[in-house]
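Subject: Handover of a structure

Dear colleague,

Please find the structure below, with its sequence. My notes on what was found in it follow.

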There are 2 protein chains.
Amino acid sequence: MKIKVNKKILAKNEDFAAANRKFFKKNNILCINMISSPGSGKTTILEKTAKAVKNKINMAIIEGDLYTKLDAERILATGVKAVQIETKGSCHLTAEQITNTLHKLDTDSLDIIVIENVGNLVCPSDFDLGEEIRAVVLSTAEGDDKCRKYPNSFAQADVLLINKIDLVKHLDFDVKKVKRDARKLNKDLKIFEISAKTTQGMNGWFNWLTEPRQ
Amino acid sequence: MKIKVNKKILAKNEDFAAANRKFFKKNNILCINMISSPGSGKTTILEKTAKAVKNKINMAIIEGDLYTKLDAERILATGVKAVQIETKGSCHLTAEQITNTLHKLDTDSLDIIVIENVGNLVCPSDFDLGEEIRAVVLSTAEGDDKCRKYPNSFAQADVLLINKIDLVKHLDFDVKKVKRDARKLNKDLKIFEISAKTTQGMNGWFNWLTEPRQ
């Protein structure tokens, strides 16, 4: 029963995702869907990114959360446009929610939209939002076994941001093992080792984000 | 559509949860359902707990994960019984999965069963497993805004374990704010500040776990 209904929900989601993808392509907007556990540092990464790139490219952020507008407020404080979607307890964003949010952004002038998904390393990976790039964030504090335990999120990503790299010296976290495990699932994965807090490694990410694309 | 089906799924889950609760009561077993984000340290807490209390009480662990038997293997290495449930990608444990696992444990001799749920701070909070105690683990590395952003998990808990307290000095994490936010949701919440890695604060948790109950 559950599987049948999920198939219906997923099929409906795919229709909206296809429409979003077409819209982004037509408007020459790079859309990134950012997925991670709660507290891996997505919002801090996006705050620092917004500040660093806002004079080079036009960017907007769609924030997904169960409740509160806290994250959108943090982005707005950087001077970059942000819109909050409150899922009211639902564990992931849907493509339909993105479709219904796009009109709130001045999409004519945008180069990049980053969608910060609900903090959850399981459910969001099943829901295509129409993005071109899927980025997964893993904090070093979460442990180095996460690629093996949550393989879908890593297998479907284009980019892996290993965040809180400044904490590695206080943790038992083997960066090489994580990179090896991640590339076993996904050999083309682009990996950045960063600390959004100290900005270590962030320039590589900023440059990759703003480089000209076909 | 989704809500209607979810109601059916939840109603079915409630039936199994009620049966589990009856079974635990009849057999005088304290059942604890442990919930958290990925990487908050549930398995390390349970490893240290198993070692510390195994000569005082009879304990068994049910491990929930999407894939792999890694966590059960870590517990078994302590000499405490552990059984793994692999959910094959599903984002939470169900009461039915617990019902179907109990026969693998020698329940006649058990005092405590701890269920380590799938690493996910959203979905498991909707699924009663028939437990008497719900424990939520929050790692300091996840940030001090989590009670506000994921209120259901904290509102429904009996115990909050604030883990990785040894990392606080390297982080912007306000312990007092978290305790205040958590108690706003849930005034009777029992809170332990611990580090499973250094064992700081763990004795309070061990004592609470092993104290005689009505």
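Leaving aside residues up to four places away in sequence, B:Ile115 touches B:Cys31, B:Ile32, B:Asn33, B:Met34, B:Ile62, B:Gly64, B:Leu93, B:Ile98, B:Leu129 and B:Glu131. Please note that this is a predicted model. B:Ile115 also belongs to the largest nonpolar core, which has 111 residues. Those that touch the most other members of this core are A:Ile115, A:Leu161, B:Ile113, B:Val114, B:Ile115 and B:Leu161.

The strands of chain B come next. Strand β2 (residues 59-65) of chain B has seven residues, and seven of them are buried. β2(B) pairs with strand β4 (residues 112-116) of chain B in the parallel sense, over five bridges. Within this pairing, B:Ala60 stands opposite B:Ile113. β2(B) also runs parallel to strand β3 (residues 81-86) of chain B, to which six bridges join it. There, B:Gly64 stands opposite B:Ile85.

Strand β5 (residues 133-139) of chain B is likewise mostly covered, with six of its seven residues buried. Five bridges connect β5(B) to strand β1 (residues 30-36) of chain B, and the two run parallel. B:Ser36 has B:Val137 as its bridge partner in β5(B). Five bridges also pair β5(B) with strand β6 (residues 159-163) of chain B, again in the parallel sense. In that pairing B:Val136 stands opposite B:Leu160.

Among the helices, α2 (residues 42-53) of chain B has twelve residues. From its first C-alpha to its last, α2(B) reaches 16 Å, close to the 16 Å expected at 1.5 Å a residue. Its buried residues are B:Lys42, B:Thr43, B:Ile45, B:Leu46, B:Lys48, B:Thr49 and B:Ala50.

How are the two chains related? Chain B is superposed on chain A by a rotation of 180 degrees with 0.0 Å of shift along its axis, at an RMSD of 0.0 Å. That is the relation of a two-fold axis. The same surface serves both copies, in that 100% of the contact residues of chain B recur in chain A.

The contact takes 33 residues from chain B and 34 residues from chain A. On the side of chain B that touches chain A, α1 (2-26), α5 (146-149) and α6 (151-155) of chain B each supply at least two residues. The residues of that side comprise 15 nonpolar, ten polar and eight charged.

Most residues other than glycine have a negative phi. A:Lys88, although not a glycine, has a positive phi of about 55 degrees. A:Lys88 is found in the loop between β3 (81-86) and α4 (95-99) of chain A. Is A:Lys88 buried or exposed? A:Lys88 counts as exposed, because it has 8 C-beta neighbours inside 10 Å. In chain B, B:Lys88 has a positive phi of about 55 degrees, though it is not a glycine. B:Lys88 lies in the loop between β3 and α4 (95-99) of chain B, and with 8 other C-beta atoms within 10 Å it is exposed.

With kind regards

Key: Residues numbered from 1 in each chain as written. Chains lettered and ligands numbered in written order. Predicted model: local features only at pLDDT ≥ 70, side-chain atom pairs only at ≥ 80, totals over all residues. Buried ≥ 20, exposed ≤ 12 C-beta atoms within 10 Å, placed from the backbone. Helix = DSSP H or I, 4+ residues; strand = E, 2+ residues; numbered from the N terminus. Pairing = 2+ DSSP bridges. Least-squares fit on C-alpha atoms with pLDDT ≥ 70 in both. Contact = placed C-beta atoms within 7 Å. Expected span 1.5 Å × (residues − 1). Core = buried A, V, L, I, M, F, W, Y, C linked by C-beta atoms within 7 Å. Nonpolar A, V, L, I, M, F, W, Y, C, P; charged D, E, K, R; others polar.
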